[in-house]
Each structure stands twice: as C-alpha cells, then as structure tokens.
Amino acid sequence: MAILLTGPIDNSPVNGVRPTQIVSIKVENQNAMNAATILVQGYSLITNRALYVSEQFTILPGAVATRTYFADLNSFEYVITVTGATPEDILVSFWGKNSAGSLVAAHRLVYSELFGSENFNGAAGATGATGVTGTTGLTGPTGPTGNTGATGATGLTGAIGTTGATGASGSTGATGITGATGISGVTGVTGISGSTGVTGVTGATGDTGATGLTGAVGITGATGITGASGTTGATGISGSTGVTGSTGATGDTGPTGVTGATGDTGPSGGPEGPTGATGNTGGTGAIGVTGSTGTIGATGATGATGATGATGATGATGATGATGATGTVLPDPFNVYVLQGAVGGNGTQASPFGTIQQGVTAVSPTGTVHILGGTYPIIANITINKVGITLKGYPSTIILLQAAVIPFTIIGSGVTVDGLTITSDNPYAVEFIQLGGTNHTVKNNTIFGPPQAGPSSGWVVNRGLVTQTGNMTGLLVQNNIFYSLRQPAYFNPNTTGEVISNVVYNTRGFVNDRAVMVFSGNSWGSPANAVDIALLVGTITGPPFDPISALSANNSTATIQDSR
C-alpha cells in the first residue's frame, strides 16, 4: 500500500476569486497484470480538518482514470491511497483548475512516509547467495524505529534454508463456534484394550456385624464314613466372639446317615496313618428359616487405584458427510440498493431497484437505502416517514430536480440524509428538503442551485432546507456545502437543533425566524454571502445568539444581520 499527500494547499482569494475552483486527479496503472484500488479523500482546512470528498474506485492494468472534485475553498488537502499494485506502477498527478476549467497549478504528491523528501527507494535487486553465518555478537540496544520506506519490487527468492527447530507451541486460541455436525462416518475399528491395572490393596475388613438369628436346623444327612484322624494342628488364637443373635426355631431332625467304616488304627506312639477316604455326604436337610441379618460393619478404606492400562489405538476417521446445498441470498429489508435505470430488480446489491421511491417503499424502519452512483432525475415528491432510516449517497450520486416540486419531504423521527449531491436544471421557487418531526440529521451533502443573474435579492427563492413551522425539534445540520441558493436553510418558528461545520457561499445566508438553533464552526466561501446569519424579528435574546460578537467569532467571523 502507498499513501500520497498534497500537504495543505493555500487557496486564498486573489482580487476576490480563489485561483483553484476545482481539482483534477489523473491516475495511470502501468502494471500489466494487476489492478489497483484508489481511495481519494479531500479535506477542508478552514477552521478544522473536515472530510468533504471520499471516493474509492478500481483501475485495471494499463488503464488511465481521471477524477474532478470541488475545491473552491480557502485551504484544502488531498490524500490518495493506492493498494493492490506496487507503488512505482501507479502514476498520479494533481492539478488545480479555475472555473473555466483551465489549469492554474500543478501540485506535488509525495509518499506519506517520505513527506518533506523527494527521495524513495528503487526496486530491490536479486537476492545474493547467503554467506556463512558468523558468530552472533552481543545484541546492542534497539534504536528508535525509522520511517518505513516505500517497498521496492520483490527480488528473486533465494534457495530455502534448512528448517529451524520448531518453536514451542503457542497457547491454544479460543475455541471457535462449532459448525453444524455432518453425517456420522463409519465407526472405526475398536482399539486393543489396554492391560488391566494392578489391583489396589484391599481395605481393612470392617467389624463383624451382630450374628443374626439362627435358622431352624435342617434334617441331618446320613453320616459318611469317618476317616482316620489326622494330626491335630495347633489351635489358633480365638477371636472375640460377636454378639450371639437369637436362636431360630429348631427344624426337624433328619434321619441319621449310615456310619462309614472306621479306618485301621495305627500303631500306638507311631505316626498316624493317612486319613481314610471321606464317606459320601448325606442329603442336606431342609433349610431352616433364616434369622434376621445383623448390622453390617463399617466398610474398610478403599485400596489405592491401580495404574491405568495403555490406551488402545484410535480407530480410523469416518468419511466426511456430504456438504449441504447452498442457500439462496434473499433481499435484506435493512439494506436496500437503488441504481438509476435498473429494471426488474429486487433491491439487493446484485439486482438493485431502479428508483429512489422503490427503495424508500421497500426499506424497513432503521434500515438504509443505498443510492448508488448515477444521476437521478426527480419530477415528483418523495415523502419519507419511516423511523430511523438513512438515505445514503455515494461520491457520484446526483439528485437532479427537473420540476417545481419539493424533492424530499421528511417527517416522523430519526431520518438521516447522508452524502447526496442535490441540484436542479433550473431555479425553482421550492426547497430541496422539507423537514418536520424529531431528531432528523442532514450531513455530508452538497446542495446548490444553477447560476442566477443579477444581485441575490432578486433571485428565485430556492432553498436547501426548510423546517415546518412548530413541527421540527432536534435537527442536526452538519458538514454540508451550500452555494448558489437564495438561502442555504430557513428555520421556521419553534424549530430547535444545531448547525455545525457547514461551508456556505454565494447565498443570502441562514435565516433564523423565531427558531432556537445553535450555530458553531461554520465557514463562508467566495463569492461572499449577502449576510451569513440573519436573526429575524421575534427571535429570542440571550443564548445561544448573544452576545452577537461571540456568535460571529464561533462561526469564522460571520456577518450577522440582527433584526430582533
């Protein structure tokens, strides 16, 4: 990107006429491959730096474009921003012209980073082979950063060096919004189960609960053959006896089983012989009624958890689901587009309406009607009564009145008129905008009439703005240019609001007819107005109009006609 500046240009009147009345900018794209985007911004430098021109356009490879802008101001400055091509491929010249279109001055353009210097860097040469890297010296203190020079053409890319070690991973960014879930893919093969972890140590056994009631004794089965007695082991230490539960009812005794044969007795004093085979167990008697369960002892502490087994391999990712059908773009009632002469549109930017009235009808409250570049002939009134809507113009949008009708009647609340150029093919005795209601804004517009012969006292009474009597509060009129009109604005009784940073010339000035308007930061061009601000009979005394000297000083030494 490159930014070119004219710097502040003094355009003070000479013998009552400013040398430069319009400026002409010529742009040439010498790049054979790439288009460039040009942004032109003009600033009025009268009492403060106020933007009054802003246009962006594209210039194709090898193309030339010319733009002309109003410049009948005491002082101004232009900034030209170039993107999409290297700076040396874009040639720009900037010329001042008088009212007849004759050249009067060529103005210098410089890069913003080189403002005050005529030098800039040439194209970069091819990159040489990289030498052996020497030992890194101690890093000196960092000096102040110098202004960035214009970027030269990129040299040939050198051979790619060995990839350095990967740096530490940065912290994970915030998780984005989860997209819609696609069709589930086929489940991958289950990975091998990890080995089971070591079983934790068994917790200590809780205290034994009280013994429940003994159930009824079942029928005793037949006694098996008694085997030879083995050697009796040492008796273990007896544990403490738990509380004996109530004895359950004794069940019927079963028949005694056949006694098994007694094994041979070993010799006395010698080692005991092996135990005889155990006889068959008699049939189990019927189970007696179970006694009530004793209180359960406290659970012992849980043993430590064993180590987790290794995770099995991740299954293959399923196939991505099919992409859904692309939705259809529908008209947006909050952003409606208009292009003069378009036919059959639906109000989208791709297919705009053909008239402003169609746009006003279609837009929703608080929405914007985008009036794209072109000349719009007006022969019938357009009434606007939707809360909070904006009529948005562009640098080449021109409203051309061709009949003795008021082009725009604005009522209701919160309507904004922004960035229009409004004029007429003949002087008509009507205002361009009539305002009633609350909290409307008129800003960044250029409103002017065709030339009229003779003194302004005899001109047709054409006006930029007129307020409705007793029906306009909270009006803001800001950063507009008014000229070649009987009056820029006529504020009728009981109107309230502010008039800020407008440029007015070749008129009979703002008329305040018993309204309460706050004037500040306004300035006056050439030819001079008959008066700059007129206070009619019945207008209040005191603030915001008095003292008159302060009102004049706050508005670029305005000429005040005080008829109160």
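Which residues does F76 touch, not counting residues up to four places away in sequence? F76 touches G7, P8, I9, N11, T20, V23, Y43, L45, A71 and F94, where contact means heavy atoms within 4.5 Å.

## About the model

This is a predicted model, in which local features need pLDDT of at least 70, side-chain atom pairs count only at pLDDT 80 or more, and totals for chains, interfaces and linings use all residues. Residues are numbered from 1 along each chain as its sequence is written, and side-chain values use heavy atoms, with hydrogens and water left out.

## Overall picture

The protein has 2 helices and 33 strands; these are DSSP runs numbered from the N terminus, with helices being H or I of at least four residues and strands E of at least two. Of its 564 residues, 34% count as buried (buried is under 20% relative accessible area, exposed over 50%, partly exposed in between, with a 1.4 Å probe and protein chains only). Among contacts with a separation of 6 or more, 68% are between residues 24 or more positions apart.

Because its relative accessibility is 0%, F76 counts as buried.

## The largest pocket

The largest pocket has a volume of about 1,200 Å³. On a 1 Å grid over the protein atoms alone, a pocket is an open set of points where a 1.4 Å probe fits, with protein on both sides within 12 Å along at least five of seven lines; lining residues have an atom within 4 Å of a point. Grid points are joined across faces, edges and corners, and the volume is the space filled by probe spheres set on the points.

The lining has 50 residues, and Y52, V53, T421, T446 and I481 are the closest to the pocket centre. β5 gives the most to this lining, with 6 residues. By class, the lining holds 21 nonpolar, 25 polar and 4 charged residues (Ala, Val, Leu, Ile, Met, Phe, Trp, Tyr, Cys and Pro count as nonpolar, Asp, Glu, Lys and Arg as charged, and the others, Gly among them, as polar). Domain 1 (2–110) and domain 2 (348–539) both contribute lining residues, so the largest pocket lies between them; the domain bounds come from an automatic or database domain assignment.

## Backbone details worth a look

One runs from S526 to P527, with omega near 0°, and P527 is in the loop between β31 (523–524) and β32 (533–535). Another joins P543 and P544, with omega about 5°; P544 lies in the loop between β32 and α2 (548–553).

Positive phi values turn up too. S484, in the loop between β25 and β26 (487–491), has phi near 55°, and S484 counts as buried because its relative accessibility is 12%. S556 also has a positive phi, of about 55°, and belongs to the loop between α2 and β33 (560–562). With 26% relative accessibility, S556 counts as partly exposed.
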